[in-house]
Amino acid sequence: MEKQNIDWGSLGFGYIETSKSFVSIFENGAWDEGTLTSNHTVTMSECAGVLQYAQTVFEGLKAYTTEDGRIVAFRPDLNAARMADSSRRLEMPVFPEDRFVEAVREVVLANESWVPPYGSGATLYIRPYMFGANAVIGVKPADVYQFRILTTPVGPYFKGGARPLTLKIADYDRAAPRGTGHIKAGLNYAMSLHAIVEAHAQGFDENLYPDSATRTKVEETGGANIIFIRDNTFVTVGSPSILPSITRRSLEYVAEHYLGMKVEEREVPLTELSSFEECGLCGTAAVISPVGKIVNGSEEICFPSGMAEMGPKTKKLYDTLTGIQMGRIEAPEGWICRIK
Ligand code: PLP
Ligand code: COI
């Protein structure tokens with residue numbers, strides 16, 4: 001298969017239209033069989049549920065070319081399950097989980113020439129999403145939906161690759177205790193835009209949100225979970241109002257079973273931050289991005305791993321996880337979904 005003529009190494013995290021997208025319509029209480037389309041534009045009512053009341057959920061995962069030339073996706077079954085959870089919370093019909101995985105396969109195969117080559121540093125980002133497509137004017141769920149998957153080749157999410165980030169303890173709240181922080185809904189990202197534009201203007205890379213109820217505990221950033229290392233312990237945030245990151249859950253397993261670390265998933269008080277040796281953000285887009293500094297008002301927490309490079313244990317986690325994803329290290333059963 002001839003690859004697209006792209007300078008893969010210089011890709012950032014942006015949208016490039018590829019060959020095909022997948023689309024399936026829910027109407028009269030059922031999903032149609034779905035199809036691939038080369039029409040990358042959506043036309044719908046001006047009064048569609050998504051446009052008026054933001055009834056939309058999404059997912060994000062990646063396809064990789066492995067060292068031996070296979071094309072694989074990383075744990076798409078977990079994205080399918082999480083999208084089902086997100087859909088139920090917004091009163092949307094669930095796109096069946098087995099069909100989700102099948103559609104991911106189909107759309108990646110149809111865009112094979114866009115899957116970046118092994119070693120290029122780029123990957124094919126896969127964005128499944130669903131939205132209420134028919135007109136609603138009273139506040140209620142739509143009854144026609146589109147489930148679509150677009151793909152686009154991407155490089156690093158954070159400019160500068162592995163340069164450690166500076167986070168700001170956000171002035172705003174992300175998720176209410178019994179709200180929607182645990183699902184992947186567009187509304188969580190719409191409300192983060194003002195906060196991120198402000199944070200960037202102040203020279204920060206990202207907002208780190210504290211819990212909304214007490215503002216004393218760490219939750220997550222706008223688009224990634226946060227991880228910490230102290231001695232041989234890997235600490236992650238346990239909270240019902242953060243997105244259950246597939247990368248984070250995978251790293252917990254890698255830390256324990258591949259690297260022999262102790263793993264703690266628990267509440268992390270802001271007062272504990274200064275005692276950690278290393279810190280990072282993790283997610284599909286971010287992979288693991290090291291954090292060098294967290295600024296909380298007038299207080300600066302500088303991690304001993306510094307602002308020049310990834311801390312040594314974060315690097316081990318990164319190398320092991322990406323090794324598994326790219327086929328250099330044997331994966332746990334069921335983690336790698338072969339597409340070709
Ligand atoms: N938290 C938020 C708010 C996110 O948007 C993402 C991105 O998907 C993550 C965490 C990381 O989740 P995952 O590792 O499943 O990509
Ligand atoms: C992802 O990591 O896939 C995400 O959806 C994060 C997003 C903010 C780009």
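**Asp 173 and its surroundings**

Leaving out residues up to four places away in sequence, Asp 173 touches Met 191, Tyr 209, Ser 212 and Arg 215, where contact means heavy atoms within 4.5 Å. This is a predicted model, in which local features need pLDDT of at least 70, side-chain atom pairs count only at pLDDT 80 or more, and totals for chains, interfaces and linings use all residues. Residues are numbered from 1 along each chain as its sequence is written, and side-chain values use heavy atoms, with hydrogens and water left out.

**More on Asp 173**

- You can find Asp 173 in the loop between strand 9 (165-169) and helix 4 (186-190); helices (H or I, at least four residues) and strands (E, at least two) are DSSP runs, numbered from the N terminus.
- Asp 173 counts as partly exposed because its relative accessibility is 37% (buried is under 20% relative accessible area, exposed over 50%, partly exposed in between, with a 1.4 Å probe and protein chains only).
- The side chains of Asp 173 and Arg 215 are joined by a polar contact of 2.5 Å, a term for a pair of N or O atoms within 3.5 Å; within protein, one must be able to donate a hydrogen and the other to accept it, and residues adjacent in sequence count only if both atoms are side-chain atoms.

**Two residues with positive phi**

- Arg 215 sits in the loop between strand 10 (206-210) and strand 11 (218-221), and its phi is near 50°, a positive value in a residue other than glycine.
- With 32% relative accessibility, Arg 215 counts as partly exposed.
- Asp 231 is not a glycine either, yet has a positive phi of about 50°; its place is the loop between strand 12 (225-230) and strand 13 (233-237).

- The protein chain is assigned domain 1 (8-154) and domain 2 (165-324), with bounds that come from an automatic or database domain assignment.
- The contact takes 18 residues from domain 1 and 21 residues from domain 2.
- Between them, the domains bury about 1,500 Å², 67% of it on carbon and sulfur atoms; buried area is the accessible area (1.4 Å probe) that two parts lose on being put together, summed over both.
- In domain 1, Phe 58, Arg 82 and Arg 89 lose the most area to domain 2, together 40% of what that side buries.
- Eight residue pairs are in polar contact between domain 1 and domain 2, both residues being at pLDDT 80 or more.
- Helix 2 gives the most to the side of domain 1 that touches domain 2, with six residues.

Definitions and conventions:
Chains lettered and ligands numbered in written order.
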